Amino acid sequence: MSVTEMFSYIQGFLSADQDVREDIRKVVQTLEQTAREILTVLQSVHQPSGFKEIPSKCTKARELFCTVRTQIADLKTKFPVEQYYRFHEHWRFVLQRLAFLAAFVVYLETETLVTREEVAQILGIEVVREKGFHLDVEDYLAGVLIMASELSRLAVNSVTAGDYNRPLRISNFINELDSGFRLLNLKNDPLRKRYDGLKYDVKKIEEVVYDLSIRGLAKEPESVGDK
């Protein structure tokens, strides 16, 4: 093979690879749009009247997750299954956002931490790497940490809405979450930096609870079944 033929072959390979990346980019853009729609639906729970609408908003979000599953099914067809990590960076961010949104929906519904398996089921993907398009552990953890920041905001807005018990329940949940993350030896730099932010979320929520306590508004947290 001559030098010219060799580089012509390489150019063909590069062009094919670029076509694959462009196809992936287009599908990821649709996923990002759907993620924004889900976030818009869930953001309304921060409004003073939003707490009464939590069930309906969660139902609407779950309907949009049906669209997510369809879009991810399309994404799976755009690259060879064994090359997941070769193209992972294209969808890493949106997958973390979707993991956060799934975690937030489950928390709003049950006030419990979503499992990685539950997130994968909501998104219509796998947990085991060998089975194909899957939810990486670090992407799941990143989504959970994004949710923690959202809950710190929810704690503040709960007080504004006159819901004084919710911040206490959120505080208990976030403290348990923090204890769980302390068990992990995080080597991933972006994930480690995001975990550092959890410390500020814990502090912010503790300040809300303290303020409620000195005002005599804090009561024992209700269980989900008591609400």
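This is a predicted model: local features need pLDDT of at least 70, side-chain atom pairs count only at pLDDT 80 or more; totals for chains, interfaces and linings use all residues.
Residues are numbered from 1 along each chain as its sequence is written, and side-chain values use heavy atoms, with hydrogens and water left out.

The confidence comes next. pLDDT is the predictor's confidence in each residue, on a scale from 0 to 100. Its average over the chain is 90, and 95% of the residues score at least 70. Confidence is highest in helix 4 (residues 116–123), at a mean of 97, and lowest in helix 7 (residues 189–214), at a mean of 89. Over residues 223–227 pLDDT stays under 50, and the model has 5 contacts for this stretch beyond four places in sequence. A contact here means heavy atoms within 4.5 Å.

The chain has 7 helices and 0 strands, so its elements run α-α-α-α-α-α-α from the N terminus on. Helices (H or I, at least four residues) and strands (E, at least two) are DSSP runs, numbered from the N terminus. Taken along the principal axes, the C-alpha atoms fill a box of roughly 85 × 35 × 25 Å. Of the 227 residues in the chain, 43% are buried; buried means under 20% relative accessible area, exposed means over 50%, and partly exposed lies in between (1.4 Å probe, protein chains only). Among contacts between residues at least 6 apart in sequence, 77% join residues at least 24 apart.

Ile72 is a residue of helix 2. Its relative accessible area is 0%, so Ile72 is buried. Leaving aside neighbours within four places in sequence, Ile72 is in contact with Leu31, Leu123, Ile125 and Phe133. Gln121 is 49 residues from Ile72 in sequence, and the C-alpha atoms of the two are 12 Å apart.

Val81 lies in the loop between helix 2 (54–76) and helix 3 (88–110). The C-alpha atoms of Val81 and Phe133 are separated by 7.0 Å, although the two are 52 residues apart along the chain. Val81 counts as exposed because its relative accessibility is 53%.

The structure holds 10 aromatic pairs. One of them joins Tyr107 and Phe173, with 4.8 Å centre to centre and 55 degrees between the planes, and is tilted. Tyr107 lies in helix 3 and Phe173 in helix 6 (residues 166–182), so the pair ties together parts that are 66 residues apart in sequence. Rings of Phe, Tyr and Trp (its six-membered ring) pair if their centres lie within 6.5 Å; planes under 30 degrees apart count as stacked, over 60 as edge-to-face and the rest as tilted. Both partners are buried: Tyr107 has a relative accessibility of 1%, and Phe173 has a relative accessible area of 10%.

Helix 5 (residues 137–160) holds Glu150. The UniProt annotation "binding site", from an unreviewed entry, covers Glu150. UniProt positions are given in the numbering used here, feature names are shortened, and annotations may be inferred rather than shown by experiment. With 11% relative accessibility, Glu150 counts as buried. Beyond four places in sequence, Glu150 is in contact with Gln43, His46, Phe100 and Phe104.

Val156 is in helix 5 as well, and is partly exposed, with a relative accessible area of 31%. Not counting residues up to four places away in sequence, Val156 touches Lys204 and Val208. Leu198 is 42 residues from Val156 in sequence and 16 Å away in space, C-alpha to C-alpha.

Cys58 is buried at 2% relative accessibility, whereas Cys66 is partly exposed at 40% relative accessible area.
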